[in-house]
Amino acid sequence: MKEPNRKLNEAQTAILRLFGREMDQEEIAELRDTLVDFLDKQLQKELDRVMKEKNISLEDISNLGIKGNRTEYLNEIRRQKGR
């Protein structure tokens with residue numbers, strides 16, 4: 001079985017350098033939320049790019065009958081946090 005790559009990439013080392021100090025639980029939660037928001041934006045950009053490249057519309061997805069609750073879930077989280 002192949003050993004997983006345990007070397008940190010540039011983004012990981014940059015984050016470790018920036019946040020190398022002790023943080024309380026509230027700060028950790030805020031940092032986690034910020035990183036999740038960043039990844040959400042990156043995912044949305046990629047999704048938009050692929051949909052444009054493949055000429056897929058939201059109507060096309062709706063017509064497939066695929067029901068996702070990602071947006072509803074994110075909206076609920078943001079509502080709970082007062083965003």
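**Salt bridges in the predicted model**

Author: R21 is partly exposed, with a relative accessible area of 48%. The model is a predicted one. R21 forms a salt bridge with E27, and the closest N and O atoms of the pair are 3.4 Å apart.

A search of the whole structure finds three salt bridges. Another of them links R49 and E46, with 2.6 Å from N to O. R49 and E46 both belong to helix α2, which covers residues 25-53, and they are three residues apart, about one turn of the helix. R49 has 40% relative accessibility and therefore counts as partly exposed. E46, at 37%, is partly exposed as well.

R49 also meets the side chain of E53 in a salt bridge, at 2.8 Å from N to O. E53 and R49 lie four residues apart in helix α2, again about one turn. E53 has a relative accessible area of 52%; exposed means over 50%, so E53 is exposed. Through shared partners, the salt bridges join E46, R49 and E53 into one network.

As for the setting, the protein has four helices and zero strands, in the order α-α-α-α along the sequence. Of its 83 residues, 7% count as buried. The protein exposes about 8,100 Å², and carbon and sulfur atoms supply 55% of that area. A nonpolar patch on the surface is formed by I15, L18, F19 and L35. One of these, L18, sits in helix α1 and is exposed at 64% relative accessible area.

Methods:
Residues numbered from 1 in each chain as written. Predicted model: local features only at pLDDT ≥ 70, side-chain atom pairs only at ≥ 80, totals over all residues. Heavy atoms only, no water. Patch = residues over 30% accessible without salt bridge, like charges linked within 9 Å, V, L, I, M, F, W, Y side chains within 5 Å. Areas by Shrake-Rupley, 256 points an atom, 1.4 Å probe, with all protein chains shown as cover. Salt bridge = Lys/Arg side-chain N within 4 Å of Asp/Glu carboxyl O. Helix = DSSP H or I, 4+ residues; strand = E, 2+ residues; numbered from the N terminus. Buried < 20%, exposed > 50% of the residue type's maximum accessible area, 1.4 Å probe, protein only.
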